Every structure is written in structure tokens, then in C-alpha cells.
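Please look over the sequence and the model before reading on.

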Amino acid sequence: MTTNNFFKKIFSPYLWLNLLAMGVIVLLLSLALKYGLDLYTHHGQTVEVPSILHKSYNDAEDMLDQVHLKIVVSDTDYVKTLPPDCVLEQSPLEGDIVKPGRIVYVKINATQTPRRPLPDVIDNCSMRDAQSKLQAMGFRLADPEYIPGEREWVYGIKCQGRQLSAGDRVSIEDLLVMQVGDGRRDMAQAVTYVDANTYDFGEEEEEEEVKTARTRPRYRRVTENREETSRTAPAEQTSASTVSSHLDIPTVSSSAPKVPSAPKPVTTE
């Protein structure tokens, strides 16, 4: 490249126009960053958070809107003495200095009694542990019901006469009745619960009777033609035959067959 061509490109109007445009863009970005950031963050502007506790949600929203603040519900709770849909807690608190546009998170009172799941305390812990867990969750407990079992062991929980299981959602205003053992049975003893609606109480007894009837020995009645000579038999033999006939037991004749006598030896002279 010659010297003349080099100077021509350096002093070319296109090059200087591009450099000027780049400088203008950088200047505009710097001004926008400076003033735009201050405008977005409300630099130098502050407001005081008003008190909205125990106010209804609509009234609290109007009060915060007047000072350019926003309201968002973060959680709900239940207080029986306060009206529903009122503010129970707020964050930031009353009197805090914040910038306009800040979000105020509130907790409002529920319109109905909350229902919470029942923890796994049935047949899993003692009465003291179950009481501490249930009361920590806000449940109300009535006097326990004692049933045969290990002493102070929780075997069940009832609510309004209905048997509950772990995970059932129960209102915190309902009374829970714990079924606790009274100490009349040890844990080593096995307990089998029978459903009275499906169990046939007479089925096993009938089967046992049938088995007994099948295996019972049977006797055949034997009738003998007694001759007139039996009248002269001893009284003991007559009574024995009478008893055997009443008991349906076959009679056995006590007379044995006669054994032939051996022949006498013959002597020869």
C-alpha cells in the first residue's frame, strides 16, 4: 500500500462518520443507564409503611395504594376472635421506610376453620408424645378413652364418633379423643381384631361337629334269640346282657367251645 492510499483511507468521511455514530451510541447508553437506573430504583424517594393490621383486605389495599405500595397475600391463618379476610401480619412492618413500588406481604384471616392432616401417632407412640404432637399442630384434645391394652399406649383416635387414620384432614376446632391402653394387657400378647360384619361365628363349630360325627364309631345292634334255658342263668349274666343291649354294644357269649379230651391209653397184657 502506497502512502497516498493510506492517507486517503484515514481521512475518508465513511470512517469518521462510523466513529462518530459509535461515540453517540456510547454516550446515549451511559445517560440512559445513569438516569434510567435512578428512575427505576426511585433513587432519593422514600415512603413510610402505614399500619394495616386488623384491617380488611380491601381497606389495606386502598391504604397502600395511596403511598404507592403494593400488597400481596403470602399466607393465611385462622383466629376465631377476628373477622374473616382481615390482615393478621404484615411485612415490612408499620413505620418502616421503603421506596415507592415496594411489595408489602400480608397474612390474612381465613374465612373458615382450617383442616390439617392427622400425624402418624396411632399405634406408634405413647399418650404424652401424641399429645405434644397434636397440640403443637393446633388440635384440641378431649379426655382420653381407656381401653384394654398396654398402659398409656395410643391405639386409636376418634373425632365426632368416627375412627380416624393417619393423613385424614381434621378441623382444628373439633375435639379429638385418644383411645389409650389402661394397662390390662402387655405388648407381648397378640391381639386379633375380628370384623363382626363379615365373620360367621357358627361356621367353625358346625365343622367340628361334622368331623366328630364322621369319626365317631358306629355299633351295630345285635339281636339274639334267647332260649328258655337262659332264664335259669345266673343273675349277673342276665344283668350284663341287659346293660349291653341298652348301650347298643354287641354281646359276646362267655361260653367257650369244649375241647375234646385225649383218648385213654390202651394197655396190653
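## A position in the sheet

D75 stands opposite K107 in β5, where strands are DSSP runs of E with at least two residues and helices are runs of H or I with at least four, numbered from the N terminus. The model is predicted, so that local features need pLDDT of at least 70 and side-chain atom pairs count only at pLDDT 80 or more, while totals for chains, interfaces and linings use all residues. Residues are numbered from 1 along each chain as its sequence is written, and side-chain values use heavy atoms, with hydrogens and water left out.

## The sheet and its helix

β2 and β5 (residues 103-109) run parallel and are joined by seven bridges, and strands count as paired if DSSP finds at least two bridges between them. Both belong to an open sheet of three strands with mixed pairing, in the order β2-β5-β3. Because β2 (70-77) and β3 (87-91) each have a single partner strand, one side of each edge strand is left without a neighbour in the sheet.

Helix α3 (residues 57-66) lies across β2, β3 and β5, at about 150° to β2, with axes fitted to C-alpha atoms, for helices over the stretch in contact (heavy atoms within 4.5 Å), and angles from 0 to 180 degrees between N-to-C directions.

## Nonpolar cores

The largest nonpolar core has 16 residues, of which L118, L134, I157, L164, L176 and M178 touch the most other members. Such a core is a set of buried (under 20% relative accessible area, 1.4 Å probe, protein chains only) Ala, Val, Leu, Ile, Met, Phe, Trp, Tyr and Cys residues joined through side-chain atoms within 4.5 Å. A second, separate core of twelve residues includes V47, V49, I71 and V98.

Note on methods: Buried < 20%, exposed > 50% of the residue type's maximum accessible area, 1.4 Å probe, protein only.
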